Amino acid sequence: MLDELTDLNQGLSLEQERLASDYEKLRVEEQDKDSKLQKFILLNEHREQAREDLKGLEETVVGGGAERWFGSQLEGTNCQDS
């Protein structure tokens, strides 16, 4: 009877060690994936900001903003020449 309990205890101890090892591997994998996710979130935020900046630039060019800006620059030059 004592031998059976000793064997059972050893088996349970080995299983506990295996589970602890598996848990540690999963914890490390989760940290790695979380780190990658944070990088992707940051990259996506930068991408979205660039998209908004490009959209604003397109609206400025299409809306005549560029012509107004260049026109004001030319008027400033003409005034200086006089």
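Which side chain meets that of Asp32 in a salt bridge? I will come to that after a word on the model.

This is a predicted model, in which local features need pLDDT of at least 70, side-chain atom pairs count only at pLDDT 80 or more, and totals for chains, interfaces and linings use all residues. Residues are numbered from 1 along each chain as its sequence is written, and side-chain values use heavy atoms, with hydrogens and water left out.

Now the answer: the side chain of Asp32 meets that of Lys36, at 3.5 Å from N to O. A salt bridge here is a side-chain nitrogen of Lys or Arg within 4 Å of a carboxyl oxygen of Asp or Glu. Asp32 and Lys36 are separated by about one helical turn, because they are four residues apart in helix H1. Asp32 has 42% relative accessibility and counts as partly exposed; Lys36, at 45%, is partly exposed too. On this scale buried means under 20% relative accessible area, exposed over 50%, and partly exposed in between, with a 1.4 Å probe and protein chains only.

The overall picture is as follows. The protein has two helices and zero strands. Helices (H or I, at least four residues) and strands (E, at least two) are DSSP runs, numbered from the N terminus. Of the 82 residues, 2% are buried. Accessible areas come from the Shrake-Rupley method with a 1.4 Å probe; for residues, only the protein chains shown count as cover.

Back to the salt bridges, of which the structure holds six. Glu48 takes part in one with Arg47, at 3.9 Å from N to O. Glu48 also forms one with Arg51, where the closest N and O atoms are 3.3 Å apart. Glu48 and Arg51 are three residues apart in helix H1, so about one helical turn separates them. Elsewhere, Glu15, Arg18 and Asp22 are linked in a network of salt bridges.

Last, one surface patch. Patches are made of residues with over 30% relative accessible area and no salt bridge; like charges are joined within 9 Å, nonpolar side chains (Val, Leu, Ile, Met, Phe, Trp, Tyr) within 5 Å. Met1, Leu5, Leu8 and Leu12 form a nonpolar patch, with about 470 Å² of accessible area together. Leu12 lies in helix H1, which covers residues 2–62. Is Leu12 buried or exposed? Leu12 counts as exposed, because its relative accessibility is 54%.
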